[in-house]
Amino acid sequence: MSSWSQYASLNYVSFPVQTVFKSSKIIPVMIMGKVLKGTVYPWGQYLEAFLITMGVAIFSVASKTPNRETSTVVAGIFFLLSYIIFDSFTSQWQDRVYTRYGRENVDPYQMMLGVNTSAICITTLGLILTGDFPVVYEFLLVNPLAFRYNVITAITSASGQLCIFYTIKEFGPIVFTIIMTTRQIFSICISAIVFGHSISKVALMGALMVFSVLFYQIRRKYFARRAKMSKSPSAAVVASNGK
């Protein structure tokens, strides 16, 4: 449903609106975690998520040029909101499954089997109800090269899913969402290097904002880990003296 809502919105919203919505998934994921699992995030983490969202949105809007102009209508906003809600629910629900049944008892292959089986059922039902199943079949018969591309896409997508499920399992949905959001910057930078595209100063400012927040998060977690490790020996000494 998340992918369907995302693709359905493309014909109804303008390019900047698409970019802002795609860049703003971190905060909805945090809110969904609070709803589904009761997770409490400090306000500082919400601020960090907001700054990352703004930085990625600025970088993406300033770096890309839309292929065509599309006006934004209410239907497009509805599809984008549906995309954000479904996407936020998915990663948090997967983390809930890992937590409830034990991370050692559920591996990425089992998760991928369940997710893809459900996706196949929903997609097949949609094709049957809309009458597009024969159209797709005839198109693939006429264009066998498209079928080959679909197979390649399926293989790369399945490989990516293994990394996705492993990341959610080991590091949680927030880290996964930050990775998926900031990857836009890396892909555009790689494209600029390979194809010689230019990156504006505004886009660089957006990238600087994102990497500054990420560096601050890494630094904060590093010192928090050091403080925790330094307290452990002293706690052990106090416990032994108490005995």
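# Notebook: a look through an all-helix model

I began with charges, and a search of the whole structure turned up 1 salt bridge (a side-chain nitrogen of Lys or Arg within 4 Å of a carboxyl oxygen of Asp or Glu). Before going on, I noted that this is a predicted model, where local features need pLDDT of at least 70, side-chain atom pairs count only at pLDDT 80 or more, and totals for chains, interfaces and linings use all residues. I also noted that residues are numbered from 1 along each chain as its sequence is written, and that side-chain values use heavy atoms, with hydrogens and water left out.

**Entry 1: the salt bridge**

Which residue does Lys-37 form a salt bridge with? I found Asp-95 as the partner, with the closest N and O atoms 2.3 Å apart. Lys-37 lies in helix H3 and Asp-95 in helix H5 (residues 74-101), so the pair ties together parts that are 58 residues apart in sequence. Helices here (H or I, at least four residues) and strands (E, at least two) are DSSP runs, numbered from the N terminus.

I then looked up how covered the two partners are. Buried means under 20% relative accessible area, exposed over 50%, and partly exposed in between (1.4 Å probe, protein chains only). Lys-37 is partly exposed at 30%, while Asp-95 is buried at 5%.

**Entry 2: the chain as a whole**

How many helices and strands does the chain have? I counted 10 helices and 0 strands, so from the N terminus on the elements run α-α-α-α-α-α-α-α-α-α. Of the 243 residues, 30% count as buried.

The chain exposes about 15,900 Å², and carbon and sulfur atoms supply 69% of that area. These accessible areas come from the Shrake-Rupley method with a 1.4 Å probe; for residues, only the protein chains shown count as cover.

I checked contacts too (heavy atoms within 4.5 Å). Among those between residues at least 6 apart in sequence, 83% join residues at least 24 apart.

**Entry 3: the nonpolar cores**

In soluble globular proteins, nonpolar side chains tend to be buried together. I looked for such groups here, taking a nonpolar core as a set of buried Ala, Val, Leu, Ile, Met, Phe, Trp, Tyr and Cys residues joined through side-chain atoms within 4.5 Å.

The largest core has 18 residues, and Met-30 and Ile-52 have the most contacts inside it. Helix H3 (26-37), helix H4 (43-63), helix H9 (173-195) and helix H10 (201-242) each give two or more residues to this core. A second, separate core has 7 residues, including Val-106, Met-112, Ile-168 and Phe-176.

What does Met-30 touch, leaving aside its neighbours within four places in sequence? I listed Tyr-41, Gln-45, Tyr-46, Ala-49, Gln-92 and Ile-174.

Ile-52 is found in helix H4, and at 0% relative accessibility it counts as buried. Beyond its neighbours within four places, Ile-52 is in contact with Ile-26, Ile-178, Thr-182, Val-210, Val-213, Leu-214 and Gln-217.

**Entry 4: Thr-167**

Is Thr-167 buried or exposed? I found Thr-167 buried, at 16%. Thr-167 sits in helix H8 (residues 144-171). Its contacts, leaving aside neighbours within four places in sequence, are Gly-172, Phe-176 and Ile-179.

**Entry 5: aromatic rings**

I found 4 aromatic pairs in the structure. Rings of Phe, Tyr and Trp (its six-membered ring) pair if their centres lie within 6.5 Å; planes under 30 degrees apart count as stacked, over 60 as edge-to-face and the rest as tilted.

Tyr-41 and Tyr-46 form an edge-to-face pair, 6.3 Å centre to centre with 90 degrees between the planes. Tyr-41 is buried at 13%, and Tyr-46 is buried at 17%.

Trp-43 and Tyr-46 form a tilted pair, 5.5 Å centre to centre with 45 degrees between the planes. They are 3 residues apart in helix H4, which means about one helical turn separates them. Trp-43 is exposed, at 74%. Ring pairs link Tyr-41, Trp-43 and Tyr-46 into a cluster.

**Entry 6: cysteines**

How many disulfides does the structure hold? I found 0, with a disulfide taken as a pair of cysteine sulfur atoms within 2.5 Å. Cys-121 is partly exposed at 48%, and Cys-163 is exposed at 52%.
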